[in-house]
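I opened this model today to look up a few local features. My notes follow in the order I made them.

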Amino acid sequence: MHKKYLLPLTLLIQIVFVQLISFFPEFIEDFYSNGLYTFISSFSRIVFGIFPFSVGDLCYLITIVFLIVVYFKNRKITKLSWRDRFLKILGYFSIFYFFFNMLWGYNYYRVPLFEKLNIEKEYSNQDLLNFTQLLIAKTNAIHFQITKNDSLKVVFPYSQEQVFEKNINGYQSLSKKIPSFKYDDPSVKKSLFSLPLSYMGFSGYLNPFTNEAQVNDKIPMYNFPTTVTHEMAHQLGYASESEANFIGFLASINNENVYFQYSGYNHALHYCLSNWRFRDEVQFKKLLKTVHPGIIKNYKESEDFWDNYESIVETGFHLFYDRFLKMNQQKDGIDSYSRFVDLLVNYYKDKNL
């Protein structure tokens, strides 16, 4: 076999292997997510965590510039046929696909969190209503504790660097209740691509090759703590967006700092209210009337931010990411973010907020 076919062939083998191994989540859970990955992620965070800037973003930038230069340099002088070019691209993608899965991607196929924590999957409208009302009461109480005025929005008093430091406290408290959520060796960075991320409609992302948690430093500060804890959950190997939302929420509300608790409760309440808007518009309006006006002002702050960056670019990237998630065991695609309401409602059926 000619060597030009070797890497494209390994891509096919890898795709078949990934499809087969997805039928064995217990194997992935035991030998990868709680085995090999723990060493990979810890090593990556220790090595890249010492840098104050995003190494992963810098590598992406260098790679993009390099590919553009190579393309324009060789597009007129290359003698490769279209078939050879295609095989070469498949070869590069094969290498990318291997390292993506080995360094992080197999976590998409681990045992679902609702099974690990014995959380039910189904709930009634009454269950959701009871939980939403409790969540409104809790969020209102913390909001008033901070502002002393139900009509004032919360103004976050900490810097982004302080958020990175203080979020560790939330995970430390949470790990005392659920040991598998223990977080060590922080490697959380402000993304060098924060402006493009804003236009793409993303608050942050995990770099699967360096295990750095990248956060959009332009988002409203009251959103910042829960965005960071969400990306930290991805670092722990929870690839599902709904699970990362759920763990990020738990880490926020278990933080001793009331501002971080507010960020978590506010985040969860937004998802529950959005769920009601979809289910029952009348009930949604009733619930909204019981939410402090200051909390709604925070929601408006976030809405205004994203409206400023709304563009066709965001639509395109959301469609791409939706397809990417569906290809990686998240059948709801980008809507899987909101599935964390399912985890919330059933987790708190027999617990206090």
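This is a predicted model: local features need pLDDT of at least 70, side-chain atom pairs count only at pLDDT 80 or more; totals for chains, interfaces and linings use all residues.

**Entry 1**

I then turned to N211. N211 also has a positive phi, about 60°, without being a glycine. This residue sits in the loop between β2 (204-206) and β3. N211 has 2% relative accessibility, so I logged it as buried; the cut-off is under 20%.

**Entry 1: helix α7**

Next I checked α7, residues 160-177. How far does α7 reach from its first C-alpha to its last? I noted 27 Å for its 18 residues, close to the expected 26 Å.

I listed the buried positions of α7: Q160, V163, F164, N167, I168, G170, Y171, L174 and S175. What covers them? The cover includes the strands β1 (188-190) and β3 (213-215). It also includes the helices α9 (224-235), α10 and α11.

**Entry 2: the nonpolar cores**

I looked up the largest nonpolar core and found 63 residues in it. Which residues have the most contacts inside that core? They are F246, I247, F249 and L250. Helix α11, residues 258-279, gives the most to the core, with 10 residues.

Setting aside residues up to four places away in sequence, L250 touches L174, I178, F181, Y347 and Y348. L174 was already on my list of buried α7 residues.

There is also a second, separate core. It has 14 residues, among them Y32, Y109, L206 and A239.

**Entry 3: α10 against α11**

I moved on to helix packing. Such a pair is described by the angle between the axes and the distance between them. Helix α10 covers residues 241-253. Its axis comes within 7 Å of the α11 axis, and the two cross at roughly 145°. The crossing is left-handed.

Which residues make the contact? From α10 I noted N245, F249, S252 and I253. From α11 I noted F260, Q261, G264, Y265, H267, A268 and Y271. By class, the α10 and α11 contact has 6 nonpolar residues, 5 polar and no charged.

**Entry 4: α6 against α11**

I checked another partner of α11. Helix α6, residues 125-147, packs on α11 at about 145°, with the axes 9 Å apart. What is the handedness of the crossing of α6 with α11? It is left-handed. The contact of α6 with α11 has 16 nonpolar, 8 polar and 2 charged residues.

**Entry 5: L343**

I finished on L343, in helix α15, residues 340-347. L343 counts as buried because its relative accessibility is 8%, under the 20% limit.

I asked which residues L343 is in contact with, leaving aside neighbours within four places in sequence. They are F114, I119, S242, E243 and F246.

Last, I took the C-alpha distance from L343 to E120. The two are 223 residues apart in sequence, and 7.9 Å apart in space.

Definitions and conventions
Residues are numbered from 1 along each chain as its sequence is written. Side-chain values use heavy atoms; hydrogens and water are left out. A nonpolar core is a set of buried Ala, Val, Leu, Ile, Met, Phe, Trp, Tyr and Cys residues joined through side-chain atoms within 4.5 Å. Buried means under 20% relative accessible area, exposed over 50%, partly exposed in between (1.4 Å probe, protein chains only). Helices (H or I, at least four residues) and strands (E, at least two) are DSSP runs, numbered from the N terminus. Contact means heavy atoms within 4.5 Å. Axes are lines fitted to C-alpha atoms, for helices over the stretch in contact, and angles run from 0 to 180 degrees between N-to-C directions. A crossing is left-handed if the near helix is turned anticlockwise from the far one by less than a right angle, and right-handed if clockwise. Ala, Val, Leu, Ile, Met, Phe, Trp, Tyr, Cys and Pro count as nonpolar, Asp, Glu, Lys and Arg as charged, and the others, Gly among them, as polar. The expected span of a helix is 1.5 Å times one less than its number of residues.
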